[in-house]
Amino acid sequence: MDTKLKSLLEKLNREHSLELEEYQLLIENINPDLMKLAAEYAVKYQKEYYGNRVFIRGLVEFTNYCKNDCFYCGIRRDNRECERYRLRMDDIISCADEGYKLGFRTVVLQGGEDLAFKDQDICNIIKGIKAAHPDMVVTLSIGERDHDSYQAYFDAGADRYLLRHETANPELYARLHPGEMSFLHRMNCLQDLKNIGYQVGAGFMVQSPGQTAGDLAMDLKFIEEFKPDMCGIGPFISHKDTPFAKEKSGTLEMTLFLLSLLRIIYPQMLIPATTALGTIDPKGREKGILAGANVVMPNLSPTNVRKMYSLYDNKICTGEEAAECINCLKGRVSSVGYEIVEDAGNRVGFFD
Ligand code: SF4
């Protein structure tokens, strides 16, 4: 292996930090030996902090209405082909109940930015879940809201919030989103969430249209500096009814390599092996765990709406009942020597 690249990885392993150009050099020169060494370092940290335990998050996709029009997203506002749905409050709570019975101790309420759900509605859902299951962690993934809304959800009992930044380069952000959306606002939201006291998840797309190695280096630098509690990354996958329909997908290799680098940058971070990874490769999630990921996010949404929450084409796991999903994942995770656990799965060190 090129000694310069090897010494960069060793430096990252020692200092958990690199210069922007150094990250870029690693990304530009991705190769199997470099991936292997990065995964070795990553798994060492994964085992040190989490052993062979893999956390599960039960995903409830409760609305596919969205006021935004992100160019890459299948449920964007202007996609007239998208059949829309909203779950009722008691259905959402039933999904959480079902998840609890199956061993989930974290539920993720995810949706487009759907303003039909007022702050009070969101608070009532959170309170309903917490009343039934005080030890269930409630994670929200409902996009950009203002500080007071975030505070209200937190006060109602929400514990975590996922808000992918998608790219840390404002210029690329502007090419992936319509002009009405603001990079600065997205970043301010992440900071607000952190200040309020949530465990915060950021994340980015890998090899989105026009993205360069330099852009990805900026993402790694952002994660190094912002230190979110979670970071979700997945390969870009196109959706047929979007302006990016004909764009190439991101690769398994680059996603796995970046997963390993993220684990080395911030060893205690919660890192999911995403459904998008499982979509581009039948063993993508297992490979993600072997590259340093420690979370999987099976779907708890009712099966009759699963296909409608189509952010990208060919998304997997849209037909199975929740119980089938978890059993399938238990098998997948144990096939690579890890174990799914019934645990809230907080970020090591968050409550210290
Ligand atoms: S990526 Fe999120 S905010 Fe953008 S259109 Fe899709 S659901 Fe809405």
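Me: Which residues does Thr-275 touch, not counting residues up to four places away in sequence?

Reply: Thr-275 touches Met-297, Lys-315, Ile-316 and Cys-317. Two residues are in contact if their C-beta atoms, placed from the backbone, lie within 7 Å. This is a predicted model, in which local features need pLDDT of at least 70 and side-chain atom pairs count only at pLDDT 80 or more, while totals for chains, interfaces and linings use all residues. Residues are numbered from 1 along each chain as its sequence is written.

Me: Why is Thr-275 called buried?

Reply: A residue is buried if 20 or more other C-beta atoms lie within 10 Å of its own, exposed if 12 or fewer, and partly exposed in between. Thr-275 has 21 C-beta neighbours inside 10 Å, so Thr-275 counts as buried.

Me: Where is Thr-275, and how far is its C-alpha atom from that of Arg-285?

Reply: Thr-275 sits in helix α11. Helices (H or I, at least four residues) and strands (E, at least two) are DSSP runs, numbered from the N terminus. Thr-275 and Arg-285 are 10 residues apart along the chain, and 7.2 Å separates their C-alpha atoms.

Me: What makes Thr-279 buried?

Reply: Thr-279 has 20 other C-beta atoms within 10 Å, therefore it is buried. Thr-279 belongs to helix α11 (residues 275-280). Leaving aside neighbours within four places in sequence, Thr-279 is in contact with Ile-237, Asn-314, Lys-315 and Ile-316. From Thr-279 to Cys-317 there are 38 residues in sequence and 9.1 Å in space, C-alpha to C-alpha.

Me: Is Cys-317 buried, exposed or partly exposed, and how do you know that?

Reply: Cys-317 has 17 other C-beta atoms within 10 Å, so it is partly exposed. Cys-317 lies in the loop between α13 (303-306) and α14 (322-335). Its phi is near 60°, a positive value in a residue other than glycine.

Me: How do you know the class of His-16: buried, exposed or partly exposed?

Reply: His-16 has 13 C-beta neighbours inside 10 Å, so it counts as partly exposed. The loop between α1 (3-15) and α2 (20-28) holds His-16. Phi of His-16 is near 55°, and this is a positive value in a residue other than glycine.

Me: Which residues of α2 are buried, and what covers them?

Reply: Glu-22, Tyr-23, Gln-24, Leu-26 and Ile-27 are the buried residues of α2. Their cover includes α1, α3 (32-50) and α9 (213-226).

Me: Why is Ala-38 called buried?

Reply: Ala-38 has 26 other C-beta atoms within 10 Å, and therefore it is buried. Ala-38 lies in helix α3. Not counting residues up to four places away in sequence, Ala-38 touches Leu-9, Phe-257, Ser-260, Leu-261 and Ile-264.

Me: How do you know that the length of α10 agrees with its number of residues?

Reply: The expected span of a helix is 1.5 Å times one less than its number of residues. For the 14 residues of helix α10 (residues 252-265) this should be 20 Å, and the end C-alpha atoms are 20 Å apart, so the two agree.

Me: Why is α10 called largely enclosed?

Reply: In α10, 11 of the 14 residues are buried, so the rest of the structure largely encloses this helix. Among the buried residues of α10 are Phe-257, Ser-260, Leu-261 and Ile-264.

Me: What is the handedness of the crossing of α4 and α5?

Reply: The crossing of α4 and α5 is right-handed. A crossing is right-handed if the near helix is turned clockwise from the far one by less than a right angle, and left-handed if anticlockwise. The axes of helix α4 (residues 89-101) and helix α5 (residues 119-132) come within 10 Å and cross at roughly 35°. Axes are lines fitted to C-alpha atoms, for helices over the stretch in contact, and angles run from 0 to 180 degrees between N-to-C directions.
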